Amino acid sequence: MFSKVLVLDQNPECYGVIKAFCESHNLLGLKVQEERMMSVLQSYIDLGGIMLSESCAGLDEPDGGLARAIHKMRPELPIFLRLKREESAPPIPPSDLKLFNATYRIDDINVLHEAVVASIFSQDYPNALVRGIIELSLHILTSQFPSMNVEVEKPYLVRDRLISGEVTSLIPLESNWCRGYMMLQAKESALRELVPGKSGDFRLLNNMLGELTNLTWGAFKSRYINQAPSTPYTSQVPTIVNHEQRYITFGSDDPLLCFNYLLSAKDGGPPVTLQQRFIFNLNWSPEDFRENETSVDDFFKSGELELF
């Protein structure tokens with residue numbers, strides 16, 4: 001499991017240390033130029049956080065500087081500030097310090113460990129769950145699109161709440177160990193590539209994504225949701241969607257578990273991407289996670305086994 005972070009630092013000598021820290025903490029560092037920072041953030045790239053140097057933060061600038069602009073645009077993203085000032089220099093004012101999840105000096109970068117764990121990897125996902133989601137999702141996609149190659153990228157965590165593509169489906173997940181949603185997202189053009197003969201009606205594309213969502217939900221439920229009565233819940237949190245900003249929030253700051261599935265024609269051509277996200281915003285108790293035990297009778301009922 002990893003997460004992507006943007007890295008902006010004016011001192012090239014620091015990049016080696018930052019890169020080593022990222023690699024040892026399951027972070028994929030993406031180097032960005034200062035003049036490109038805001039345009040990259042506007043491009044809806046999935047991120048877990050930002051590593052910013054004090055020389056680029058612009059804390060003394062009258063307009064608030066880059067750090068304030070980043071925080072205003074993507075307040076859900078943690079920012080880790082590399083200090084350049086001497087220890088004897090005046091401290092950063094509290095009004096500026098609240099912009100950052102943690103500060104560090106390059107010769108003591110490991111002090112970020114706890115902040116990274118708390119800010120980016122605050123939710124622990126069992127390996128069996130992650131592997132199982134990939135297995136059942138790949139099985140469904142390959143059965144629905146037998147003429148295509150289906151691959152999955154390494155799963156990752158994001159803290160942003162950006163919508164990827166124009167078509168989104170949501171379905172609730174509820175058990176004694178989790179409560180939240182599964183979300184599938186895709187560009188409409190990607191869905192048209194998957195069903196070229198039916199791409200004239202967007203409703204058919206919606207129905208296709210809905211069917212994939214329903215099949216995945218059914219497989220997830222069969223594998224992970226215990227049929228015993230779960231603890232009754234009455235609380236709900238509004239899901240807010242801002243289409244203009246391509247933003248969705250589920251009322252929680254917890255990181256989202258994400259998978260990208262790449263589907264490509266077997267005779268070549270660029271792949272299309274389906275993005276899958278799991279949001280356990282209402283209840284998350286991984287210590288109670290269990291896979292359902294499957295009996296021989298279950299295989300007979302599903303048709304996977306038969307007597308002869």
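Visitor: How many residues of the lining of the second largest pocket are nonpolar, polar and charged?

Guide: The lining of the second largest pocket divides into 6 nonpolar, 7 polar and 5 charged residues. In this scheme Ala, Val, Leu, Ile, Met, Phe, Trp, Tyr, Cys and Pro are nonpolar, Asp, Glu, Lys and Arg are charged, and the others, Gly among them, are polar. Please keep in mind that this is a predicted model, in which local features need pLDDT of at least 70 and side-chain atom pairs count only at pLDDT 80 or more, while totals for chains, interfaces and linings use all residues. Residues are numbered from 1 along each chain as its sequence is written, and side-chain values use heavy atoms, with hydrogens and water left out.

Visitor: What volume does the second largest pocket have, and which residues are the closest to its centre?

Guide: A pocket is found on a 1 Å grid over the protein atoms alone, as an open set of points with protein on both sides within 12 Å along at least five of seven lines; a cavity is a set where a 1.4 Å probe fits but cannot get out, and lining residues have an atom within 4 Å of a point. Points are joined across faces, edges and corners, and the volume is the space filled by probe spheres set on them. Here the second largest pocket has a volume of about 300 Å³, and of the 18 residues that line it, S164, K187, N260, T273 and Q275 are the closest to its centre. At least two lining residues come from each of β9 (178-186), β12 and β13, and β13 gives the most, with 3 residues.

Visitor: How many cavities are there of 30 Å³ or more?

Guide: The count comes to 1 cavity of 30 Å³ or more, and the largest cavity has a volume of about 70 Å³. The residues that line the largest cavity are S137, L141, L184, L212, T216, Y261, L274, Q275 and Q276. Two or more of the lining residues are given by each of α7 (127-144), α9 (202-224) and β13, and with 3 residues β13 again has the largest share. By residue type, the lining of this cavity holds 5 nonpolar, 4 polar and no charged residues.

Visitor: Which strands does β12 pair with?

Guide: Helices (H or I, at least four residues) and strands (E, at least two) are DSSP runs numbered from the N terminus, and two strands pair if DSSP finds at least two bridges between them. Strand β12 (residues 256-265) runs antiparallel to β6 (residues 148-152), with 5 bridges, to β7 (residues 156-158), with 3 bridges, and to β13 (residues 272-284), with 7 bridges. As examples, L263 in β12 is the bridge partner of V150 and also stands opposite V272 in β13, while L256 in β12 stands opposite V158. In the hairpin of β12 and β13 there are 6 residues between the strands, and G268 takes a positive phi near 105 degrees.

Visitor: Is β12 mostly covered or uncovered?

Guide: A residue is buried under 20% relative accessible area, exposed over 50% and partly exposed in between, with a 1.4 Å probe and protein chains only. By that rule 9 of the 10 residues of β12 are buried, and the strand is mostly covered; across the chain, buried residues make up 45% of the 308 residues.

Visitor: What does M51 touch?

Guide: Contact is counted for heavy atoms within 4.5 Å. M51 sits in strand β3 (residues 49-53), and, leaving aside residues up to four places away in sequence, it touches V5, L6, V7, L8, I18, F21, C22, F80, Y104, I109 and L112. M51 counts as buried because its relative accessible area is 2%.

Visitor: Where do residues other than glycine have a positive phi?

Guide: One of them is N26, with a phi of about 60 degrees, in the loop between α1 (15-24) and β2 (27-31). Another is R246, whose phi is near 50 degrees, in the loop between β10 (240-242) and β11 (247-249). N26 counts as partly exposed because its relative accessibility is 44%, and R246 counts as partly exposed because its relative accessibility is 30%.
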